[in-house]
Amino acid sequence: ISRSMKAGEPSETAVRIAINQAAAASDPELRRVLADPDEPYSEWFVAEHSLKARQQLALWRSDKGRPILQALADGMEPGGSVSILLRKRWIEDQVRVALREAAQMVVLGAGYDTLALRLLDSFPWVRFVEVDHPATQAVKRRALEAHGGVPSRLALVPLDLAHRTLAETLAGEASWDGTIPTVFLAEGLLMFLAEPEVDRLLGLVAEGGESRLIFSFTDRKELLTRGSRVFKTAQMLKLSGEPIRWSLESDALGGFLAERGLRLAKLAGHQELRRAYLAPLRIDRELGPGEWLVVAETRYR
């Protein structure tokens, strides 16, 4: 879905996150944090992405390779891999609550995320739609087709923002109904969009009646602090062709949402994630500030 991806190539960010998820399932400590450590999908998507991705996952799972790769990852992005795991756990918890009152879920910039696939059986009344850049989504589709096909209640909708808007794309999708309560998910996406695109996305949610938007965003103060985890992540993403284009100061979030017809329902940062998921398990892993997780609601709720 992101304009910033290299033309015609699947997202490197998507495969890094999938490798991180699959590798964590092999870590005796971190697998306790995962909502579904035995899901097969992440490995399917890594395998379909490229030979290089398969090799990286194999190294992460090896006794000799894991310490080396972990040291490199911590040097480039301290606490980043664990932060992503906890981000996904928090988001899943919020989505499961929100879907009790919704009939539709739209995952924006889905990448190789597995959440919709894993929720299908738990929420049989919900329609699931994943929207993503065509090159990345093609990998996901091939992987699913190689393992029995795309589930009937999951629509994979390609979107290249250089040629079409999200509203136009959903309007042309038969499985989409803009009149019913919907949960929108934009995990790790908004930072790759220009602000006018962020505004259009929030406007689409605000017009949809009783809907929720669950998303993550980059803290602008941390992004501009040289040497911070977010600063280092931004440099890495820029080199991979997926630069951060949008950020926001956390104390400006409430006003930002209100101006766009939404209200803030929940906000969580690294401290909340540590208290919710690491502290109860007595796991001591580094996390860094710089990313916020949000549940926003339409004013109709």
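Modeller: Before we start, contact here means heavy atoms within 4.5 Å, and please keep in mind that this is a predicted model.

Colleague: Fine. With that in mind, what do the buried residues of helix 7 pack against?

Modeller: They pack against helix 1 (12-24), helix 2 (41-49) and helix 6 (115-119), and also against strand 2 (127-132) and strand 3 (154-158).

Colleague: And which residues of helix 7 are buried?

Modeller: The buried residues in helix 7 are A135, T136, Q137, V139, K140, A143 and L144.

Colleague: How far apart are the end C-alpha atoms of helix 7, and what span should its 13 residues give?

Modeller: Helix 7 covers residues 134-146, and at 1.5 Å a residue its 13 residues should span 18 Å, which agrees with the end C-alpha atoms being 18 Å apart.

Colleague: What follows helix 7?

Modeller: Helix 7 is followed by G148, and the phi of G148 is positive, near 110 degrees.

Colleague: Switching to helix 1 and helix 5, at what angle do their axes cross?

Modeller: The axes of helix 1 and helix 5 (residues 80-98) cross at roughly 85 degrees and come within 10 Å, which means that helix 1 is roughly perpendicular to helix 5.

Colleague: Which residues make that contact?

Modeller: Helix 1 contributes I17, N20, Q21 and A24, while helix 5 contributes S81, I84, L85, R87 and K88; sorted by class, the contact of helix 1 with helix 5 has four nonpolar, three polar and two charged residues.

Colleague: Now the aromatics: how many pairs does a search of the whole structure find?

Modeller: The search of the whole structure finds seven aromatic pairs. One of them joins Y41 and W44, whose geometry is edge-to-face, with 5.1 Å centre to centre and 85 degrees between the planes.

Colleague: Where do Y41 and W44 sit relative to each other in helix 2?

Modeller: They are three residues apart in helix 2, so about one helical turn separates Y41 and W44.

Colleague: Is Y41 buried or exposed?

Modeller: Y41 counts as buried, because its relative accessibility is 19% and the cut-off for buried is under 20%.

Colleague: What about W246 and F256, how are their rings arranged?

Modeller: That aromatic pair is tilted, with 5.5 Å centre to centre and 40 degrees between the planes. The pair links distant parts of the chain, ten residues apart, with W246 in the loop between helix 11 (229-239) and helix 12 (253-258) and F256 in helix 12.

Colleague: Are W246 and F256 buried or exposed?

Modeller: W246 counts as buried at 3% relative accessibility, and F256 is buried too, with a relative accessible area of 9%.

Colleague: Which residues form one aromatic cluster?

Modeller: F215, F217, W246 and F256 form one aromatic cluster.

Technical notes
Residues are numbered from 1 along each chain as its sequence is written. This is a predicted model: local features need pLDDT of at least 70, side-chain atom pairs count only at pLDDT 80 or more; totals for chains, interfaces and linings use all residues. Side-chain values use heavy atoms; hydrogens and water are left out. Helices (H or I, at least four residues) and strands (E, at least two) are DSSP runs, numbered from the N terminus. The expected span of a helix is 1.5 Å times one less than its number of residues. Buried means under 20% relative accessible area, exposed over 50%, partly exposed in between (1.4 Å probe, protein chains only). Axes are lines fitted to C-alpha atoms, for helices over the stretch in contact, and angles run from 0 to 180 degrees between N-to-C directions. Angles under 35 degrees count as roughly parallel, over 145 as roughly antiparallel, 65 to 115 as roughly perpendicular and the rest as oblique. Ala, Val, Leu, Ile, Met, Phe, Trp, Tyr, Cys and Pro count as nonpolar, Asp, Glu, Lys and Arg as charged, and the others, Gly among them, as polar. Rings of Phe, Tyr and Trp (its six-membered ring) pair if their centres lie within 6.5 Å; planes under 30 degrees apart count as stacked, over 60 as edge-to-face and the rest as tilted.
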